[in-house]
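Hi,

Here is the structure I promised to pass on. Have a look at it first, and my notes on what turned up follow below.

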Amino acid sequence: MRIFQVDAFTGRPFAGNPAGVCIMEKPQTDRWMSDVAREMNLSETAFLLRIDDGYNLRWFTPEVEVDLCGHATLASAHVLWEKGYLRMKETAKFQTKSGLLTADYREGWIWMNFPATPDERVDAPAELLAALDVEPVYTGKSIYDYIIEVESEETVRRIKPDFSIVSKLPARGVIVTAKAKDKEYDFVSRFFAPAAGVPEDPVTGSAHCCLGPYWMKKLGKDSFTAFQASKRGGILKVCVKGDRVLIAGQAVTVIEGELLPSE
């Protein structure tokens, strides 16, 4: 089987968020996919299996299977077009635990169509504030994550979470966000998910399914350019369309190999 490592949400190698992409020739067990993801040791590895109308797509961290992952979906579409599994003009169609996801290539960017996951305001749990050591402007919770708006981009960048506390929160992870200081971007964010085996995710497409609707309410518009301010960093275009969020990024293949038989 062919396996790849792709840097997603970046136009250059060694930035953005690295994802594994495994093109399977036949169905494999959950245990096998989990073992491969642990071997890849990336925040997510995507597993693709050709079906009648597109591909079945599943995502595994080194610890768990997840229901939605943006950067590994972006990486998967990139591999399918770059390696000739699909023609560049074809829409990549993925059947996933979050329903049908699609991706299209337009003018150098890969546009993905994801479900919106808007948050609802909640009182900030004391343990969350203790873990982040910040004064929130706003605290909400989506179906997956807490979202915390803080006063400035500088606050987002300097946060050093207590991961032992974050890992015990009743959520997949925590999004921290603020309005961008640089006029090139509308907002910045970081994402922490130690319970899923990902202390800090470099660039998180699925978090923007919540961030897009949130900043639409705050800024009064539906299209954004966003920056995820991890050490690697990543750029995303985000457009809210009703109950869907269009998320765009670029991708670069950095490793290509063959996964040898394990039996």
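Let's start with A103: setting aside neighbours within four places in sequence, A103 is in contact with A77, W81, E90, T91, A92, F94, I110, W111 and M112. Contact here means heavy atoms within 4.5 Å.

Before going further, a word on how to read this. It is a predicted model, so local features need pLDDT of at least 70 and side-chain atom pairs count only at pLDDT 80 or more, while totals for chains, interfaces and linings use all residues. Residues are numbered from 1 along each chain as its sequence is written, and side-chain values use heavy atoms, with hydrogens and water left out.

**Cores**

A103 also turns up in the largest nonpolar core, which has 53 residues. A103 is among those with the most contacts inside that core, along with F9, V21, L48, W59, F94 and M112. Helix α2 (residues 70–82) gives the largest share of this core, seven residues. There is also a second, separate core of 21 residues, which includes L132, V150, Y185 and F227. By nonpolar core I mean a set of buried Ala, Val, Leu, Ile, Met, Phe, Trp, Tyr and Cys residues joined through side-chain atoms within 4.5 Å. Buried is under 20% relative accessible area, exposed is over 50%, and partly exposed is in between (1.4 Å probe, protein chains only). Helices (H or I, at least four residues) and strands (E, at least two) are DSSP runs, numbered from the N terminus. In soluble globular proteins, nonpolar side chains tend to be buried together.

**Helix α4**

V150 from the second core is in contact with T155, as is V134, again leaving aside neighbours within four places in sequence. T155 lies in helix α4 (residues 153–158) and is buried, with a relative accessible area of 6%. R157 forms a salt bridge with E153, and their closest N and O atoms are 2.9 Å apart. Because R157 and E153 are four residues apart in helix α4, about one helical turn separates them. E153 is buried at 8% relative accessible area, whereas R157 is partly exposed at 42%.

How many salt bridges does a search of the whole structure find? It finds 17, counting a side-chain nitrogen of Lys or Arg within 4 Å of a carboxyl oxygen of Asp or Glu. Side chains of opposite charge can pair when their charged atoms come close.

- K97 pairs with E65, with the closest N and O atoms 3.2 Å apart. K97 sits in the loop between β6 (92–96) and β7 (99–106) and E65 in strand β5 (residues 65–66), so this pair links distant parts of the chain, 32 residues apart. K97 is exposed at 53%, and E65 is partly exposed at 22%.
- K83 pairs with E256, with the closest N and O atoms 2.9 Å apart. K83 is in the loop between α2 and β6 and E256 in strand β18 (residues 251–258), 173 residues apart. Both count as partly exposed, K83 at 26% and E256 at 42%.

Salt bridges that share partners join R2, E82, K83 and E256 into one network.

**Pocket**

The largest pocket is lined by 14 residues, with M1, Q28, W32, P261 and S262 nearest its centre. The lining divides into six nonpolar, three polar and five charged residues. (A pocket is an open set of points on a 1 Å grid over the protein atoms alone, where a 1.4 Å probe fits, with protein on both sides within 12 Å along at least five of seven lines; lining residues have an atom within 4 Å of a point. Ala, Val, Leu, Ile, Met, Phe, Trp, Tyr, Cys and Pro count as nonpolar, Asp, Glu, Lys and Arg as charged, and the others, Gly among them, as polar.)

Cheers
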